[in-house]
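I opened this notebook to record, entry by entry, what I looked up in one structure.

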Amino acid sequence: LFDGVYPFYSQQKKAAVFDVSTIIVTVVFLALACSFLLIIPGIRGRARLYWTLRVLLSLAVGAVIVVVQFTGDWERGWARANTSYKSFSTALVSADIGLHVGLAGLNVTLLGAPVRQLNETIDYNEHFAWGGSADYEQSYGAGLQKGLPTPILYVAEKFRASSPCGVQQQYRSAGRYASIALWVAFCTWLLSNMLFSTPALVYGGYMLLLTGTFLIVSLLSFSTVRISPLCPIQFGPVALHTAYGGSFWLMLAVGLLCLLAGVTVVLLHHFNLNLLKTFFDLHEDQAKERQEMTQVYTNPHFVDKCL
């Protein structure tokens, strides 16, 4: 032992606090929202309220569609157990073990209860990626070399390709197709915003319906991993069970919101077009274009010359 720590362990791992991709996306959409709020005072009357409602809701939907691509809580689970902390040691620690599954990988967390035990701070958050060009086996091998705590390696091992559980391929495929559906939904969301800037409002409503449909498809794609049960993750008598996380339910809410908004636009187009144009600030412009001339101005000198 070297100062109470096994010599083949690396320095204490720091817990991850921020996700860079999520912060970048959030900052971009917040910048767009702040830019719009700066020009709000230039819009007169009730149109100011309509513009604010439309733009902020639309930006919120777009931000959620992109952010959930990088979040890691589509599926999550927690368990508190007394478990071994390091290999080749019989010392036990009381800790909360968390599993957070995203579209492109998983996070395994280990938080001591209390945090300070065995003269160490037990606060870990390890990411193991399988999406894109990421190599899960390489991430797992790096964790072995760093000497990560035993509970983290035990959970991560369940998702290896060579594991008897065989769940990695299911999660990889489900996450890939869910991600594709989300990017298609983002494209249809962009098209809906473009169409809402034209007099063809009903087509914007159709694009919103298509956006909501693809969001629901992404949820159905990810739900296919629940068809076969996950391998039991046991820490003595305590089992770690997972359930749908915040990103899943957030996408469900946004998908239903898009479907509801799309249906509302289509119904208003067929039953109350004037109200729809007023909400999108197109009623007055259309009225001016269709307004008939009530007075005719002529040049008296030209008329007399012709006569």
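**Entry 1. Terms and model.** I take helices (H or I, at least four residues) and strands (E, at least two) as DSSP runs, numbered from the N terminus. The model is a predicted one, in which local features need pLDDT of at least 70 and side-chain atom pairs count only at pLDDT 80 or more, while totals for chains, interfaces and linings use all residues. Residues are numbered from 1 along each chain as its sequence is written, and side-chain values use heavy atoms, with hydrogens and water left out.

**Entry 2. The largest pocket.** I looked up which helices supply at least two residues each of the lining of the largest pocket, and found α2 (47–67), α5 (168–195), α7 (246–271) and α8 (273–279). For the search, a 1 Å grid is laid over the protein atoms alone; a pocket is an open set of points where a 1.4 Å probe fits, with protein on both sides within 12 Å along at least five of seven lines, and lining residues have an atom within 4 Å of a point. The space in the largest pocket is about 770 Å³, a volume being the space filled by probe spheres set on the points, which are joined across faces, edges and corners. I noted 26 lining residues, of which Arg54, Ser58, Asn193, Phe196 and Phe280 lie nearest the centre. Helix α2 gives the largest share of the lining, eight residues. By type, the lining has 20 nonpolar residues, five polar and one charged. Here Ala, Val, Leu, Ile, Met, Phe, Trp, Tyr, Cys and Pro count as nonpolar, Asp, Glu, Lys and Arg as charged, and the others, Gly among them, as polar.

**Entry 3. The sheet.** I next traced an open sheet of five strands, in the order β4-β3-β2-β1-β7 with antiparallel pairing; two strands pair if DSSP finds at least two bridges between them. Its edge strands, β4 (120–129) and β7 (241–244), each pair on one side only. On average, neighbouring strands of this sheet are turned by 15 degrees against each other, direction ignored. For angles, I use axes that are lines fitted to C-alpha atoms, for helices over the stretch in contact, with values from 0 to 180 degrees between N-to-C directions.

**Entry 4. Strand pairs.** Strand β1 (residues 75–84) is joined to β7 by four bridges, and Gly77 has Thr242 of β7 as its bridge partner. Seven bridges link β2 (residues 92–101) with β3, and these two strands form a hairpin with three residues between them. Gly98 is partnered by Thr109 in β3.

**Entry 5. Backbone details.** Where does Pro114 lie? I placed Pro114 in strand β3, and the peptide bond that reaches Pro114 from Ala113 is cis, with omega near 5 degrees. Leu118 sits in the loop between β3 and β4. The hairpin of these strands has two residues between them, and Leu118 has a positive phi near 55 degrees, although this residue is not glycine.

**Entry 6. Helices and a side-chain contact.** Helix α3 (residues 136–146) lies across β3 (105–117) and β4, at about 160 degrees to β4. Ser223 belongs to helix α6 (residues 201–223). Leaving aside residues up to four places away in sequence, Ser223 touches Tyr244 and Phe248, where contact means heavy atoms within 4.5 Å. The side chains of Ser223 and Tyr244 are joined by a polar contact of 3.4 Å. Such a contact is a pair of N or O atoms within 3.5 Å; within protein, one must be able to donate a hydrogen and the other to accept it, and residues adjacent in sequence count only if both atoms are side-chain atoms.
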